[in-house]
Structure formats: structure tokens, C-alpha cells
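This report describes one protein chain, with the sequence and the model shown below.

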Amino acid sequence: MSAPASRPLLFLDVDGTLIPFGTPRAAQPGRPHGHTQGAVLPADAHPLLHKVDPGHGRRLKALPCDLVWATTWMIDANDVLAPLLGLPTLPVVDWPDSDEVGVLHWKTRGLVEWAQGRPFVWVDDEISHADRQWVSTHHHSPALLHRVDPRRGLTEHDFTVIESWLSRAR
């Protein structure tokens, strides 16, 4: 019997994706956006954490893929964001030091290398056409590079696109 195929990966950015830069309608300072249990954030917490929608954690966990932090937050994403979202500790992409300058996003090569040929979704607010072209040339499995509007962060539409792609990628 052959080994089961690996599940797709979902590389998840934080700033502009889980933490929108715009002003959410129901945001209350000191409380995560949409949080129903009344937890107050510490005074020294990241000033935009109140914009995190805890409902995203449930949606992300339900996706048929393996979640991976792909953010400059690094391990802090597990310490700060995972509890707010109700997520378990996730793997974290370790970014190499790079002085590379160009049209390609500094994460692109590292994500393709980290995926090691597995299908993946990359959810970020800084994805460009150059990144999509490079991935289509250098990654020989299916990949969805999904750009999120940084003013709004992840939306219902974004989840629909990701869910649809993952259902076809299996």
C-alpha cells in the first residue's frame, strides 16, 4: 500500500492578513474584534491586536490543509496570535537573512523551498504578479498565491477562494 498524499500547506501571513490595517466597524480598544468572551488584552499588547477576528481560527482549522506561519512575527505568532485564534502551535517558516533586492517578494523563494514540492496556498497582502510568475516556473505542484486587501484582512470572499482551491487541489 502506498503512503497517502501529503495535504496542501497554507502559508499564513499576519500583518495585513489576520491584522487588517483599516478600521473594523465593531472594533473596541482592548478587545479582539468579534471576541465574545470579553478577554481584555494586556496594556503592552500589539496596538492592532484588537483587530484580530477570533472566528478566523475556526475557519482556518476547518480547511483541509496544514497551516504554517509565514510572517515576520516568527514564533511570536504561536505565543500571541494562536491563543487569540484558538489555533494550536503551528510550524513557522524560518526566514534566512537576505539582502536580495528586486521585484520578487523576499518570502517567495523561501516558501517554495519550505513546501518541498507540496501543493500550497500563500495568503499575504504583498503578493505580486512577479511572485506568481516565479512560483509557476519554479514550483511544479499546484500553488495559489492569494493576495488579501490589507485594509480589510481576511474576508468571507478570501475564505471562499481558498476553500474552493483546496477542494480542487486534493
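A charge is taken to sit over a ring if NZ of Lys or CZ of Arg is within 6 Å of the ring centre and within 35 degrees of the ring normal. In this predicted model, the charged end of arginine 59 sits over the ring of phenylalanine 159, 4.4 Å from its centre.

The model is predicted, and local features need pLDDT of at least 70, side-chain atom pairs count only at pLDDT 80 or more, while totals for chains, interfaces and linings use all residues. Residues are numbered from 1 along each chain as its sequence is written, and side-chain values use heavy atoms, with hydrogens and water left out.

**Overall fold**

The chain has five helices and four strands. Helices (H or I, at least four residues) and strands (E, at least two) are DSSP runs, numbered from the N terminus. In sequence order the elements give the pattern β-α-β-α-α-β-α-β-α.

Of the 170 residues, 45% count as buried. Buried means under 20% relative accessible area, exposed means over 50%, and partly exposed lies in between (1.4 Å probe, protein chains only). The chain exposes about 9400 Å², and carbon and sulfur atoms supply 52% of that area. Accessible areas come from the Shrake-Rupley method with a 1.4 Å probe; for residues, only the protein chains shown count as cover.

Contact means heavy atoms within 4.5 Å. Among contacts between residues at least 6 apart in sequence, 59% join residues at least 24 apart.

**Aromatic pairs**

A pair of aromatic rings is described by the distance of the centres and the angle of the planes. Rings of Phe, Tyr and Trp (its six-membered ring) pair if their centres lie within 6.5 Å; planes under 30 degrees apart count as stacked, over 60 as edge-to-face and the rest as tilted. By this rule the chain has three aromatic pairs. One of them joins phenylalanine 11 and tryptophan 114 edge-to-face, at 5.8 Å centre to centre and 80° between the planes. This pair links distant parts of the chain, with phenylalanine 11 in strand 1 (residues 9-12) and tryptophan 114 in helix 3, 103 residues apart.

The rings of phenylalanine 11 and phenylalanine 120 have their centres 5.3 Å apart and their planes at 65°, so this pair is edge-to-face. Phenylalanine 11 lies in strand 1 and phenylalanine 120 in strand 3, so the pair ties together parts that are 109 residues apart in sequence.

| Residue | Relative accessible area | Class |
|---|---|---|
| Phenylalanine 11 | 0% | buried |
| Phenylalanine 120 | 0% | buried |
| Tryptophan 114 | 32% | partly exposed |
| Tryptophan 73 | 12% | buried |
| Phenylalanine 21 | 44% | partly exposed |

Phenylalanine 21 is in the loop between strand 1 and helix 1 (55-62). Leaving aside neighbours within four places in sequence, phenylalanine 21 is in contact with Asp15, Gly16, Leu48, Lys51, Asp125, Pro150 and Arg151. The C-alpha atoms of phenylalanine 21 and lysine 51 are separated by 8.4 Å, although the two residues are 30 residues apart along the chain.

Tryptophan 73 is in the loop between strand 2 (66-69) and helix 2 (76-85). The side chain of tryptophan 73 makes a polar contact with the side chain of aspartate 15 (3.1 Å). A polar contact is a pair of N or O atoms within 3.5 Å; within protein, one must be able to donate a hydrogen and the other to accept it, and residues adjacent in sequence count only if both atoms are side-chain atoms.

Asparagine 78 belongs to helix 2 and is buried, with a relative accessible area of 8%. The side chain of asparagine 78 makes a polar contact with that of tryptophan 69 (2.8 Å).

**Helix 4**

At the start of helix 4, a side-chain oxygen of serine 128 reaches to within 3.3 Å of the backbone nitrogen of alanine 130. In helix 4 (residues 129-138), Asp131, Trp134 and Val135 are buried. They cover an arc of only 100° around the axis, which puts them on the same side of helix 4. The arc is that of the directions from the helix axis to the C-beta atoms. His129 and Thr137, on the other side of helix 4, are exposed. The buried residues of helix 4 pack against helix 3 (108-115), strand 3 (120-124) and strand 4 (143-147).
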